[in-house]
Structures are given as structure tokens and as C-alpha cells.
Amino acid sequence: MTAAVEPEVGRARRRKEDARLITGATRWTDNIRLPGMLHLAVLRSPVAHARITSVDTTEAVRLPGVLEVLTGADLAAEQGSLPCAWPITEDMLAPPAPSIAVDEVNFAGEVVAAVVARTPEEAQDALAAIDVDYEDLPVVLDLTAAVADGADLVHPDLGTNKSATWVFDSAEAGTGGDATAAIAEAEVVVERTFRQQRLIPAFMEPRSVVVDPGPDSATLWSATQVPHILRWMLSAVLGIPEHKLRVIAPDVGGGFGGKLQVTPEEVLTLLVARRLGKPVKWTESRTESMLSGHHGRDQLQRITVAARRDGTVTGLKVDLLADMGAYLRLITPGVPILGAFMYNAIYKFPAYRFTCTNVFTNKVPTDAYRGAGRPEATFAIERIMDELAAELGVDPLELRRRNWIRHDEFPFTTVAGLTYDTGDYEAATARAVELFGYDELRAEQARRRADHDTVQLGIGVSTYTEMCGLAPSRVLGALRYGAGGWEHAAIRVLPTGKVELITGTSPHGQGHVTAWSQIVADRLGVPFEDVEVLHGDTRVAHRGMDSYGSRSLAVGGTAVVLAADKVLAKARTVAAHLMECSPDDVEFTAGTFAVRGTATSMSLGEVVVAAHVAHNLPDGVEPGLDAEATFDPDNFSYPHGTHLCAVEVDTETGRVVIRSYVCVDDVGKVVNPMIVEGQVHGGLAQGIAQALFEEAVHDEGGTLTTATLADYLLPSAVDLPWFTTDRTETPADTNPLGVKGVGEAGTIASTPAVVNAVVDALRHLGVRDVEMPCTPMRVWKALRGGAA
Amino acid sequence: MIPAAFDYTAPSTVDEAVRALVAGGEDAKAIAGGQSLLPVLRLRLAAPTLVVDLSRLTELAGVHDDGDSLLIGALTTHHEVQRDPHVREHAALLRLATDTVADPQIRHRGTLGGALAHADPAGDLLAPVLALDAVLRCTGPAGTREVPAAEFFTDYFTTALEPGELLTHVRVPKLTGWGARYEKFSRVAQAWSIVAVAAAVKVVDGVVEQARVALTNMGPTPVRARGVEEALTGEPATAEAIRAAAARAAEGTDPVTDGNADAEYRTHLARVLTERAVTAAVSDA
Amino acid sequence: MRITVTVDGVNYSDEVEPRTLLVHHLRDRLGKTGTVVGCDTSNCGACTVHLDGRSVKSCSVLAVQADGRAVTTVEGLADGGELHPVQQAFHENHALQCGFCTPGMIMQAIDLLAEDPDPDEDAVRHGLEGNLCRCTGYQNIVHAVRDAARRLGGTR
Ligand SMILES: Cc1cc2nc3c(=O)[nH]c(=O)nc-3n(C[C@H](O)[C@H](O)[C@H](O)COP(=O)(O)OP(=O)(O)OC[C@H]3O[C@@H](n4cnc5c(N)ncnc54)[C@H](O)[C@@H]3O)c2cc1C
Ligand code: FES
Ligand code: FES
């Protein structure tokens, strides 16, 4: 083994993952073909709320190639209820959540029948031959209407559309004052209602599931972010012994929270494969994906800030209505709660009250989508800070300065009760202002206003932080989340000195294979190329909590460090024994053990061989150098940053064009700057898309009218600007790598930056808000003073 | 998703194709580039039992200079139209509009004839063809006839083509030396037009001698903005004159309200985009 | 129907249903799973291949329409272990994350460079407007295509 000279951590290593992805030698779930494999296709309800009065399958079963046609009645006894792992309150109402509807459908897109056939074509043809009769029930779509007295009910037996109400009050929690009193006494109060439109995660790889039921134990491949959680939940829901179920997430084409789920189709594929004793595949079409994969956001936020005339905020109150959709999926109810701790953002607010009511509607369930709860919170607070600045006539950056936590005030315990370990908002903001040319742009804005230019310029500010690195298990427990937040890693040192690292994280584009290799290479002093990272297969990576919530590096990466340190500790013992000295006298640098103050040394490779052959080990030391570690953080990590956006708004057409976008993020220490920058870019794209383009729209009957990529508008390369990105670095205190997490930062920060810019461009023309997405028509109507 | 099953034939002459379509009756569908038809079949919004592939009809390919006009075969792809030197010189408006259609891959397959026969009111080639006073040559069981563009588009996704009839050629009178502009407004680059304006002008000594303006997606069929043309003709090509003329853009239109825009906004856009299109066409002249 | 298609230099003769899309023929019959399907409406571009040297969306071509023609997929680009310059540039510039859009992106980028060997940023963005990527925000893809242009220019 040769020693790595330049440290790996911090290098822009090109990714190991790319080799197969750029040559087409990929392993998507839909690529899998097993001998005798059958194909599952499902029929989905075209209506949003109805009783199923009959399902006629007689014609479908007679079609060529069809092996079985199943209805809800056929599977009612075995299917169990899809799991919800986050009962946010003791008295939360949760209806049973079938994978296939039995006698009632509650959203358009819900599965009502399933066909198993020899080919995908035959399965599709058979769907067309199934006849379902529905008796319409009243459809509940609008959040406000759903909670009004006498509202039609999604689940009449629950007696209400309210699933749960969750409250945080800093006076009650002892983390701050009384927000209601602060508002009553305030010199200035600003209140706004913001709508977080429904979004569709729209990962590019449609979901796919393959099950090989096996003679003894079953294997399930799924395009999932969470193979470990999936195995646990599937065995719990279906009563399959967990050790008889292996779950594999092969190459997964994006997720963004959308594949953080236990889906009806995973349950159904498993059920029918076991029933028929044959391998079965299900792959969704894009339309199915849009109709039935969970959606994100969909909240109504009423937010009130109280302040003194000098700009000091004295209190904050937030009232949310959160749309659950028709059922509670894996963490549906918890998404708004993740936001609850973020409304106070980077500020030293003294009093805070948050109330959230979770509401059922006849729509597909909502659940995690990139940022999950935190983008919503950041949007509302950053929007209203701009509104307050306008109200007070101060520059929006200045208002933030007057309220934010100064770098010398860390660690800082917020009014929401979190302790932010480190950060430097001044530094990130100063850098962003400089890169952006803030003052010049303000001058140009003034000129265009004076000239009554058709195209007006707007500047949007967003200073954000987020809690990520989910999460301390104890905190999750206190919030009634059903699982822990730790992560696991194992290292196998092979006799030739090559290393296999097994991680419990489950990457699907984030580049863990590369980053984890860098960490191991540094820690053990082995070449980057000598590390193989294994993941995403419960038989190989037996313990893991998977990838979401920007947790992988801060938690999973730390587990890797701890495992490597255990390997080294043992290697040191062995080396000391062989060199006949005390372990305390052994120094380890760049892959070599040396006896302090002597010329005696051994390479790690030699120690590996010695540990492996075990001819001469100290008493009581087991052969081999393998080690494993589990890390449970004792705090979240808190990346932060300042994003500045300049938009040009064509006041004649309402079109918004982003002219420049600058972001300076502080994600702590960086393992691979190239990967970090890529994560920021992707996050920005999704956040900007929420601001300007995307919205899941339903018609009055509850049918999704944006169920194709022709209607649900994802931005193309033409529709996004050039991003100027930079970083400041305050290492996190909460993990040995000093890292904070970057997966969600861009998404969280960018949406309010863009909308603030749009409103800023038009404020002098009387515009106070534009509802998202800020389509040309909405902007134009806002300008005319109509409903925005 | 997978289309429902169908039979397939790929005739090599127009006559054979017409015979196949007639024999197949209502359940037969022609396919040219397939860029509009295949998504419809995949979503199973239509399920023909016979698909007649036109791609072997080499007689319908390419652009020909035919004296005062260009004769463009229905199978000419968008990509070929974009690159064709005759089109560039004599029918710039058609090229500019074609540049805005879909994306490069779709332009490699999609055809002018297919786009016109499909008659999507948001399609970008209908208004230019109307503005250019093109004539569409159609061949069917009853023989060949020529239909002026103004009579070809009859309703949403509906044309004057009779059952079994094919669009074979588009005759475009040459407008050499005219200025042209296709002003398209869509929400993202790849999306269809919310509204678009096709304008071509002939300017002599600073005066608009002739003007052709037509609107995309301002009704079930493309609309000729005769009021605008009238107002421009004979007037100096000034900003004020153009603005005044553009104010008449929405005359005779019947825009829909849909998920992308309501009728009021479309009406407004028609005026703004007409002003921009004509202004650009004038400076191109 | 029996069709003969040359895919990545190999001749394949198969019986297909007329309704079979080229992309399904490639994936399900020929095992060419490097090309993927991302939508039903010809919007995403993930399925882009070259048909007789021009980029097309293979979900929008019937397999029978490819009869007698040549298809190149992402699997046919590397020349005996040597990556195509566009593949190399995607790797070097971190132009992919999950990699699902990548086969289509690379195939379209090659077509774009054939048409315009030295595209500016705007031309690259327009040339790729029929290819959606949900991971990268496109910036590194733009970098990669311009870098590939330089690499190809160098060898020309
Ligand atoms: C994602 C996407 C985006 C698009 N964006 C745009 C856009 O922005 N603007 C725009 O204008 N278009 C757009 N299009 C449509 C594109 O221009 C198509 O190429 C065109 O509409 C159809 O041409 P085609 O040759 O592919 O026709 P096909 O799909 O083969 O046929 C379309 C219809 O016309 C009939 N037909 C075809 N040829 C003939 C003929 N010669 N005689 C009689 N009937 C015939 C067919 O039977 C069928 O009903 C888009 C398409 C897609 C998939
Ligand atoms: S699968 Fe072909 S364009 Fe999406
Ligand atoms: S890299 Fe994931 S979609 Fe482009």
C-alpha cells in the first residue's frame, strides 16, 4: 500500500459512480429480468371520492397472457394498512390506509384492481377490460373549506377532516416569551397569508419494484431511498418475518424525498409474487407517478410578526393548515412539524407560537419533498421579513442584521429550543453582497423605476438556516417519530489491504461512494481507489437508516469515521505487539505505523496480513481488522447561507426572468467541493421551480390536471439561470468531520429569494405579494391589482 | 405506457396510402413523424386498429422552388424546414416559427404536414401558414384538390381533410424581402404557446406597404388579424402606428381559458405580442 | 412483423408487434437497458438515441419504423474502452448526479455538437431543451458540453 499524500477530504475527486452511468451499464430496477418473471399493472381510480359498487373482471381474466386479476376484496385480508411512522400527537386521527381500495376510493389515482400477466403489454390491455362502477361521494379539496363547520368529510367515520393539531408555544415550553402578548403590545405588526402550492417530486426515474418470492425467502428490489425502513415496515405490515425478506435498492434515479416511502405498489408486488410463487415486476408510467406517488408542500400559512419601530422583532406567530391528502403515509403528519423549529430561522426572536392543523382532503397524500417542512418555514419567514422591511422603510438586509444571531453569540439556543452550534451569518452575507454587486443593482433598480421602464428590476434576499443531519434519536423520540436517527458503518479490511466499506445510507445521486471513499482513504491512509463502498442491500448493509434529511454525511459519514478509528485502534495494538513496544509509542501517519523515536516501522498492509493470518497476535485479540460503528448525533447540524436573486419582470406580459443568482452557503467542512456545488445547483433548480413554474393542479372533481410532464412544468436548461456559488466555512461542532449537510440548502433558500425579488420589482407599483408559482399571468394580474 | 395493439402498413405511394386509409375506415390513422400521434397512443387517448405509415412516400419529401411559390412536401421535417435555403429566403416567417417548435429531437422527426393535419390550436405552424396565404394540396379517394389555409383549419384539432384524404404538399407564395417575426409566449422553453403572433411586413421607404399578421391559440383555429393588417397598411412604420394597429389584435378572436391562462390574459397578450412581432418584423425588413 | 435494426454496430432481426416502441424494443428485446424511459409524452428526453445519425426520442418512434436503419445508443459510444469525449466531459465536469437523464443528455449533446461544434452557453441550453434533468440544475451539463466541444475541436 502506498500512502496518500494530499489529503482526500477537501478534494474535488471525480465520482466513482459515473463510470457505469455514462456508459449505460446501469442497474435500474426496471432493467431487472428474472426467469419466468410476470408483470403487474394496476388500475387506478379516475374519481377522487366514491364508493366502489362493483368491479367486473370477467372479461379481463379471459384475455391472453393474463394470470390473475385481483380486486381489493381479494386482498383485503392480507394487505394490512400502509404504515405511518410519525403520529405527531397522542390523539392523532389516522384512517386505515389500504394498498388497494376495498370499498371506497379517497383520491383519484388510488389502486382499485391489479393484473398480473406474462408481458407488460398484456397486463396493460387487461386493465382496459376491467369495469368498475363508482357511486360518487362529495369531494373535499380546499383546505379552508375542509375545516369549516359542516364540511363534507373525507372519512365520515372520523367525524372531522382534522387529523391532528400540534402546538408549540415558547412561553409554555420555557424557551421564550408570550408571542400573543408581544403582538398585542407591538409598535408594528405585519401579517400575511402565504400559500405553499402542492408540488410533485418528479424524480426522473419512475418507480419500479421487482420481487422474487424465492422458495424460502423473498428478495425485493425497489427504486427507493429507504431500503432498511422499507424492509422493516413491509415485514410489519404484511407479517413476513423480517429475516425472510431482503430489500435491495439498486441504482436509483433520484428521489428528493419522493422515494422515502412505503408504497402501495411495493406491498402489492410483494403480495402477488408470493401468491403466484413467481417473480413479478411493476414499473410505473410517468402519469402514474404523478398521480400516485406522494406530493409535497401544500400548506396555508398565516404568519404574524411583531416588531419595534427600530426593526427589532418582538414576537412571531404562525398558524398552519397542512394538507395531508387522503391518508397518512410514512411521515406525512410530521412534515409541517419539521418546519416548526425553523420559522425563527437565524433570528433572536424572543417569543414564538406555532400551531398546525393537519387536514384530510381527497388528494394523493403529501409527504417528504426536498426540505420537507423547512422550505415552507423559510419561505414564510423570509418573505415576511421583506414585508416588514418595506413597512419600516429599511433595507431588507439591514433588517436581518438587526435581528440575526451574531457570530460571537454561538452556541445559541433559539426560541424554538434548538441550540445552533456554529455559524457566521455576517461573513456569508458580506461575501454574497460583494459577489452580487448589491449596491450597483439597487442603483439600477432606482433608475429603472424613475424611467418607468417596461422591464423592472427586483432584488430578493434570503438568509436561511436549516436543521439537518436528522437526527438525535432522543429528539426524534420526543417528537413521537417512530424510528431512530443514528447511522451505521462497517469496514472490512481484506487480506490484500483493500477495503470494503459498508454504509447504512442509501445514495441515489449524492455521490456517497466517492465521498465515503475519500473519508476512509484519509483515515486509514489507503488509496482512494482501494476502497469499495457497498450499500443499499439489506443483506450486505444490515443496519441503516437510509438517506434523507441531508443526514447522510453528518451522521452516516461520521459513522464511517468512527468505524475507521476502530480499525486503526486495533491495528495499532497489533502493530505494537509485532514491533514489541507499547501501543502508546506507536504513531500512525499516512498508512505507516512507526515506533516513536526509532526507525522501526510497519505498513498498514503488513499489519493487515498479520492480523489476518493470526500467527502472532496479542492474547485475546481476534483475527482480522474489521470493525463497525453506529453514530447517534446529540444535535442537529445547522448549515446556513445568504442567497441573493435579481429578477427582471416584464410589466407588460408579467414574465419573470432571473438575471443573476448568487448564493454563499456555509455547510461546514467540505469533503468534496465538486459534489457540494452540484447539490447546491440541483437544490436551487428545485427551489426556483417552486417559485416560478411548478404546481400540482386539481379540477373541481379532484382530478389532477397536471399529470404529465407536458402539464407539470419542470424547468429545462433554458429556463434556469447561471448560478454564482461560493462558500464560507464554520465547522460544525456536532460531529468529528465538522460537516453540516448540503442536500436541501439550495431548495430551502432559493424559493423566498426569487419571490422576494419578484415582489421587490413591483412593490412601487402597488404589489405586495404574488402567489406561487409566479406565472406571467399571476404577475400581470397582481400588477393590475386583481387577485394574484 | 404502451399503445393498444394495431396493424401496420407502410405503403410506398400516395395512392396506396389513400387506399389503405379508406379500407381501414374510421379506425385507421396515418402516421408521419409520429411526434403528436405516439404520445396520444401511449396515453391510450386514441386506439386506431390500423396505422398507415407515410414515411416511405418519398414523393412528399423536401422543398421545391416552383416559380412564385415554394412547394413543400408534407413529410418535410421541421429540421429540414429550418435548414432549407429556399425557406430562409422566401418564407422566413415559416422558418422562424419552426425554430420555436418543441425541441431538436422532435424537430428531427416531426413534419410540417403532420403539424398542420394535427391542427392543435397551440401549434406554431398554423398561424404562419395562414399569414402566408399558403394553399394545402390534399389527395384522397376523390382525387387531388387545393385548399386555401383560411379554409383548411375548421375547429380544434379539426381540418377540412375528408376521411381517407392526405395532405401532400403546402404551397407557400414567396414573400421575398419581407421582414418577419414569430413572437411566441410560453411558460417554459419546451411548452406550447399560450399565445403567439406571426407577422410579416413589406416596408418601402419607411411605409408599410403590406402586412400579414396571424395569431396562434386565440381561438379553436388560427386567426388572421385583419384589423391589424388594415391599420398598418399604408402607414409609416413608426412605434405609434404599430402600437395603434396592435390594439386591434384581439378583434374576432375567441380565446379559451385553460390551465395556462384565462381569456382576458390571452387577449392582453395578443395585443402586446402583436406590437412586438410587428416591430421586430419591421426592423427585419 | 419481422424487422432488422442495426444497434451499436450489431445487426438484430426480430419479430415485433407494430405497437412496440423503439425504446421498448431496445430495452426489453435487445437488452439495451442503457437507454431509459422517463415519461409518456415525449418531454423528458431520457430515451434519446441516434437514428441514422440524428437524435430522436426512442419512445416516439415505432420499432417497425426503425426497420433497416441504424441506431446508436449510449452503450455504443465508447470506443474499445475509451470513453467518447462527451462521456469524458460529463464525468470530469460532474454533469450527472443520479445519472438517469445522462444517456439521453449525452446522446443529445453529441447531436448538438455535430450541428454546432462551438456552441455558446445559450446554444447549449437551447440544444438541450428537450432533455430534463431533475438533479443538476444543468449548470455542470452546460460546462460539460462546452468542455466536450473543446475536446472534440482539439481532435479535429
Ligand atoms: C413534447 C412535445 C412538444 C411539442 N411542442 C410543440 C410546439 O411547441 N409547437 C408545435 O407547433 N408543435 C409542438 N409539438 C408537436 C410537433 O410539432 C409535431 O411534430 C407535429 O405536431 C406533428 O407532426 P408529426 O409529423 O409528428 O405528426 P404525427 O404525429 O405523425 O401525426 C399527427 C396527426 O396528423 C395526421 N397526419 C400526419 N401527417 C398527415 C398527412 N400528411 N396527411 C393527413 N394527416 C396526417 C396523423 O394521422 C395524426 O392524426 C410538440 C410535440 C411534443 C411531443
Ligand atoms: S421517455 Fe422518451 S421523451 Fe421521455
Ligand atoms: S442526473 Fe438525475 S436526472 Fe439528471
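The following legends describe close-up views of a predicted model.

**View 1. The interface between chain C and chain A.** In this predicted model, 45 residues of chain C are in contact with 52 residues of chain A. About 4,200 Å² is buried between chain C and chain A, and carbon and sulfur atoms give 56% of that area. His94(C), Arg134(C) and Gln139(C) supply 20% of the area that chain C buries against chain A, more than any other three residues.

View 2. Four salt bridges are counted between chain C and chain A. One salt bridge joins Arg19(C) to Asp125(A), and the closest N and O atoms of this pair are 2.7 Å apart. Across the interface of chain C and chain A there are also 25 residue pairs in polar contact. Five helices of chain C each give two or more residues to the side that touches chain A: helix H1 (22-29), helix H2 (85-92), helix H3 (102-115), helix H4 (121-127) and helix H5 (139-155). The residues on this side of chain C comprise 16 nonpolar, 18 polar and 11 charged.

**View 3. The interface between chain B and chain A.** Here 18 residues of chain B are in contact with 25 residues of chain A. Together, chain B and chain A bury about 2,100 Å², with 56% of it on carbon and sulfur atoms. Arg187(B), Val188(B) and Tyr265(B) supply 30% of the area that chain B buries against chain A, more than any other three residues.

View 4. Seven salt bridges are found across the interface of chain B and chain A. Asp125(A), which forms a salt bridge with Arg19(C), also forms a salt bridge with Arg44(B), where the closest N and O atoms are 2.8 Å apart. Between chain B and chain A, 14 residue pairs are in polar contact. Helix H12 (residues 263-284) of chain B contributes six residues, the largest share of the side of chain B that touches chain A. That side of chain B divides into 10 nonpolar, two polar and six charged residues.

View 5. The structure holds zero disulfides over all chains. Cys468(A) is in no disulfide, and the nearest cysteine sulfur, that of Cys663(A), is 15 Å away. Cys468(A) is buried, its relative accessible area being 0%. Cys663(A) is likewise in no disulfide, the nearest cysteine sulfur being that of Cys645(A), 11 Å away. Because its relative accessibility is 0%, Cys663(A) counts as buried.

Technical notes: Residues are numbered from 1 along each chain as its sequence is written. Chains are lettered from A and ligands numbered from 1 in the order in which they are written. This is a predicted model: local features need pLDDT of at least 70, side-chain atom pairs count only at pLDDT 80 or more; totals for chains, interfaces and linings use all residues. Side-chain values use heavy atoms; hydrogens and water are left out. Contact means heavy atoms within 4.5 Å. Buried area is the accessible area (1.4 Å probe) that two parts lose on being put together, summed over both. A salt bridge is a side-chain nitrogen of Lys or Arg within 4 Å of a carboxyl oxygen of Asp or Glu. A polar contact is a pair of N or O atoms within 3.5 Å; within protein, one must be able to donate a hydrogen and the other to accept it, and residues adjacent in sequence count only if both atoms are side-chain atoms. Helices (H or I, at least four residues) and strands (E, at least two) are DSSP runs, numbered from the N terminus. Ala, Val, Leu, Ile, Met, Phe, Trp, Tyr, Cys and Pro count as nonpolar, Asp, Glu, Lys and Arg as charged, and the others, Gly among them, as polar. A disulfide is a pair of cysteine sulfur atoms within 2.5 Å. Buried means under 20% relative accessible area, exposed over 50%, partly exposed in between (1.4 Å probe, protein chains only).
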